[in-house]
Amino acid sequence: MEYGLDLEYSFNEFLKGFGLSSEIAHIIWLPLPMLLVLVAAVVGVLVTVWLERKISAAAQQRIGPEYAGALGVLQPIADGLKLLVKEDIIPAKADGILFTAGPILVLVPVILSWLIVPFGQNLLISNVGIGIFLWIALSSIQPIGLLMSGYASNNKYSLLGGLRAAAQSISYEIPLALSVLAIVLMTNSLSTIDIVNQQSGAGILSWNIWRQPVGFIVFWICALAECERLPFDLPEAEEELVAGYQTEYAGMKFALFYLGSYINLILSALLVSILYLGGWGFPIPVELIAKFLNVPINAPFIQVFTASIGIVMTVLKAYLLVFIAILLRWTTPRVRIDQLLDLGWKFLLPISLANLLITAGLKLAFPKFFGG
Amino acid sequence: MSIAITTQFICFTILSLVILIGALGVVLLESIVYSAFLLGGVFMSVAGLYLLLNASFVAAAQVLVYVGAVNVLIIFAIMLVNKKEDLKPINDIKSRRIISTSICLTLLSLLIRVDLTNVWSLTSPQNSIGEESTIRIGEHLFSDYLLPFEVASVLLLMAMIGAIVLARRDVMSKDISTGLPVDQELIEKSSEPLLTNKN
């Protein structure tokens, strides 16, 4: 099923038309998808921040941002500009090097993880063989950055917040990885492209959410906990810890944390849609529609159409999940730290282990439906 | 492709320098926190070397296990006992340094000997498997390396049980190291209702 646009090939051929060698064309091509994805991530953050402000306002019967642009759509840009020109403060007794390195270490792994997010058959930066495992490995670096900034701030609230953040992300990483493992077991591959293709057989009916309902819920809870979203925003619980590990941060370094947490939220939503909701797949398979309309699937027009539908579907599914996350944030109370760790270790871990075992058993019993 | 080779060479040089300088920093720096963070950097650079060798699964596993688990655990432990105290000067520091240096030099000479005697070059290009390596590693873990794999899990189980026994002192009435009766009052009892028994 190798159809779809190969933009890299066409671009290289286009440059070769100007008499450039294939090596130089490749070097010119390399930064383009990275820049595109970076821009997409940042624009996604701006949209999410606006959504967060508007939905929270609606949930609390306020109006929310209104004056910056129509319906306040320019408000996140104004926020970003403010953070950009704010004074960069390093507290007098803080550890300057670690204080600066902390936010970078939090942000960089999250952005690197976008490497594996596919928006279509060939629309991703790199189809690495270890795919989803790369994301799990990269997200395990984040606690080091949190501990680093918590320690370097030289503030007891920061240290406590950093320790809480690290404890939280370590304990929720395990059920997260186990529920991903169940999906990988069904796909026989770690690559995100293969995971989506495996779900593309019968449109909405073949999505993994029907075969992995428990895994879906466990993954979503763990993803929220990894993003430190509200039911689990213990590390920055305002009433107890001022702002946790970000207490001493201002200006652009604070913006890095802010950006990191929102990029992480969008990334988690995208991964949920890739792992459980069929990725770029349309609820009704595109091949079926093409056959119904009597158009060949390989026609250039249809291919552009499929690719754009794929991008729209991926983004739509991701933003639906972001919407649910925002609603959850403004309607649920925060759990206590002992409840949080109890939930992670005593409930989600056994459930995800049992889910993995059952999936393995079902795969042996019904290889047709659970990937043979 | 000359550009690919040049890029590889530059990456290799940078990674090796980071590993060497970072490892020296881990050993020589006075501040234990800096040592712990530098150790994380060294682990990351080793993962980068694995990536250069086309072993992407091993690289990701290295990041997950060594950076995400081992190093975080070390930093966690340092921060939980974040106590500033003046260490007592050790009397026979010189002889200790001499002994540790000689042991390290012996180990280094052993490694150099292995390096010189082993034949490193691959016999044929078919031996490099690239993306296939994940599947091959899985096959080996469940066939000829099954016993070490399972024994490692038993080791981890033992460590976990040991940690639980040390942490939950209410299961034992005597302290393991001193033999004195354990002070039961310090144990947190979260199951007790907070508001009813307040006397």
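A residue counts as buried if 20 or more other C-beta atoms lie within 10 Å of its own. By that test, the number of buried residues among the 22 of α6(B) is 0, so this helix lies largely in the open. The model is a predicted one.

Helix α6 of chain B covers residues 146–167. At 1.5 Å a residue, its 22 residues should span 32 Å, and its end C-alpha atoms are 32 Å apart, which agrees.

Now chain A. It has 16 helices and 0 strands. Its radius of gyration is 22 Å, close to the 21 Å that the globule rule gives for 372 residues, so chain A is as compact as a globular protein of that length. Along the principal axes, its C-alpha atoms fill a box of roughly 65 × 55 × 45 Å. Of its 372 residues, 42% count as buried. Take the contacts in chain A between residues at least 6 apart in sequence: 79% of them join residues at least 24 apart.

Next, the interface. Here 20 residues of chain B are in contact with 23 residues of chain A. On the chain B side, the elements that give two or more residues are α2 (32–52) and α3 (56–80). The largest share, 12 residues, comes from α3(B).

| Class, side of chain B that touches chain A | Number |
|---|---|
| Nonpolar | 13 residues |
| Polar | 6 residues |
| Charged | 1 residue |

Notes. Residues numbered from 1 in each chain as written. Chains lettered and ligands numbered in written order. Predicted model: local features only at pLDDT ≥ 70, side-chain atom pairs only at ≥ 80, totals over all residues. Contact = placed C-beta atoms within 7 Å. Helix = DSSP H or I, 4+ residues; strand = E, 2+ residues; numbered from the N terminus. Nonpolar A, V, L, I, M, F, W, Y, C, P; charged D, E, K, R; others polar. Rg over C-alpha atoms; globule rule 2.2 N^0.38 Å. Buried ≥ 20, exposed ≤ 12 C-beta atoms within 10 Å, placed from the backbone. Expected span 1.5 Å × (residues − 1).
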